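Please read these points with the model open beside you. They go from the whole chain down to single side chains.

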Amino acid sequence: QINEAEVVLFSVPSYACQRRTTLDNHNVTLTDALSLLAENAELSDEDGRGVAFRRAAAVLKALPAPVTAMSQLTGLPCLGDHSLRVIKDILENEASDEVESTKQSDRFKALKVLTGIFGVGSKTADRWIRDGIHNLHQLQESGATLNRAQQAGLEHYDDLNQQVTKAEADAITEIVQEAVVSVLPGAQVVLTGGFRRGKQTGHDVDFLITHPEEGREVGLMPKVVFWLESQGFLLYQKTTRNSYLEVKDGPGRPSSNMDRFERCLSIFKLAKKEERGIKLTNPPAHRRWRAVRVDLVVSPISQFAFALLGWTGSKLFERELRRWAGHEKAMSLSSHALYDNKQSRYLRAASEEEIFAHLGLEYIPPSERNA
Ligand code: DGT
Ligand code: MG
C-alpha cells in the first residue's frame, strides 16, 4: 500500500520536442508494450493509432522514475483511454492480454517476418499473407516476383535482422570517410540516426555528407557510390532523389536546389572485426564478412542544419517537431528548410540551435531526442 503523500506526480509538456528524452528509460516494460501495439497498428496501415501509441510510449520514456500507480499519470498528455488501459493491465497483472495476444497472433508474426525483408513494406507483406505466404520458406516456394532490393533483402536476411553495433558503425564511418574524401577533398561526413543520439546498436547506419562550399556537393553521390563499388564494399545500392519530406510535409513549392538532395540506400559488405586489415591465404571455414544496411544522404551546406536535424531522429521527435512548427508556429519544417507562413519567407539556419530558436523551442541535444 502506497501512502498518498509518497506518490510521485509527473508532469511533462505535450510535444516530444519540448522534452528531454535520454536513453535512460525507467519504464521499459510499459514502453515496449505500447511500442508493440504501435508497430502492429503501423503494419496494419492504421497510422493514426500507431502515432497515438508512439506518443503515449514517448511520454513514459520521458518520466524520471518508474510508474507504480495509475494515480501518478493524472494530467499527463497523450495518454488516451486505450494506452491507459494497457498501462493499468500491466501495473495490476504484470502483462496486458491485448499485447500478449497480438504478439502471439499468426498475422503479426507473419507481418514481422515478411517486413523484416529489406524492401518489403506492410502493403506487400499483407498481399503475400492474403496469398497464403506466412514465412520465408513459403515465399521462396511461391514464385512471387521480387524486385532487386527484396532479392538482396532475402539473400542477407539474417545479417540485416541482426543489430548493428557501435563498433561496426565506427568501422563503416571510416570507410565512408575514405570514400568521400577520395572523390571530393574537403567534403564532410557526419554519422546521423540513432548512433548520433548515443544508441549503442541500430538497424542501420545513417550518414549525412556535405561540402562547406555551396554547390561543390553536386554530383558527389554517384562518385562516392562508384568508389565504394569499385573497392568491393557494396552488396546492393539504389540511389534516389529524396522526395519524402517535400511531398508529405515540405513548404509545398520545391525550389530548384532541392533537386540536389540525394539518398543512397545500400547494403555494405563489412569485414568481420578479426578479419579487418588481415589478408588470409586460405579461405577460413566461416564467412569473413557480414551485410549491414547503410543510408547515405548528400545535402548542400545551405540545407545542412535542416538535414542534420531531420536525419538524427528519433522518428517521433521529428514528427513532433513538424507538428509543433505547423500547429504552434504556423511554420513548415522539412529536412531542407523552414518556411514561415506568416512572414511568407524561408528562415535560414546554419546550426540545429538556430532552428530550435526559430521554432521558439529550448535546444535539445541529440542524446535527449530519444523520444
Ligand atoms: P535505428 O536505425 O533503427 O537504430 O533508428 P534510427 O533512429 O537511426 O532510425 P532510421 O535509421 O530509420 O532513420 C534515421 C532518421 O532519419 C529518422 O529518425 C528519421 C529520418 N528518416 C528516415 N527515413 C527518412 C526519409 O525517407 N526521409 C527523411 N527526410 N528522413 C528520414
Ligand atoms: Mg538508423
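The numbered points below cover the overall fold, the aromatic rings and the metal site.

1. Basis. This is a predicted model, in which local features need pLDDT of at least 70 and side-chain atom pairs count only at pLDDT 80 or more, while totals for chains, interfaces and linings use all residues. Residues are numbered from 1 along each chain as its sequence is written, chains are lettered from A and ligands numbered from 1 in the order in which they are written, and side-chain values use heavy atoms, with hydrogens and water left out.

2. Overall size. Along the principal axes, the C-alpha atoms fill a box of roughly 70 × 55 × 40 Å.

3. Secondary structure. The chain holds 16 helices and 10 strands. These are DSSP runs, numbered from the N terminus: H or I of at least four residues for helices, E of at least two for strands.

4. Burial. Of the 371 residues, 47% are buried. Buried means under 20% relative accessible area, exposed means over 50%, and partly exposed lies in between (1.4 Å probe, protein chains only).

5. Aromatic pairs. Rings of Phe, Tyr and Trp (its six-membered ring) pair if their centres lie within 6.5 Å; planes under 30 degrees apart count as stacked, over 60 as edge-to-face and the rest as tilted. By this rule there are six aromatic pairs. One of them joins Y339 and Y346, with centres 4.9 Å apart and planes at 70°, so this pair is edge-to-face. Y339 is buried at 10% relative accessibility, whereas Y346 is partly exposed at 29%.

6. F356 is buried, at 1% relative accessibility, and Y363 is partly exposed, at 25%. Ring pairs link F317, F356 and Y363 into a cluster.

7. Metal site. Which residues hold the magnesium ion's protein donors? For this ion (ligand 2) they are D204 (OD) and D206 (OD), 2.0 to 2.1 Å away. Donors are N, O and S atoms within 2.8 Å of the metal (3.2 Å for Na, K and Ca); water is not among the atoms, so sites may look incomplete. D204 and D206 are both buried.
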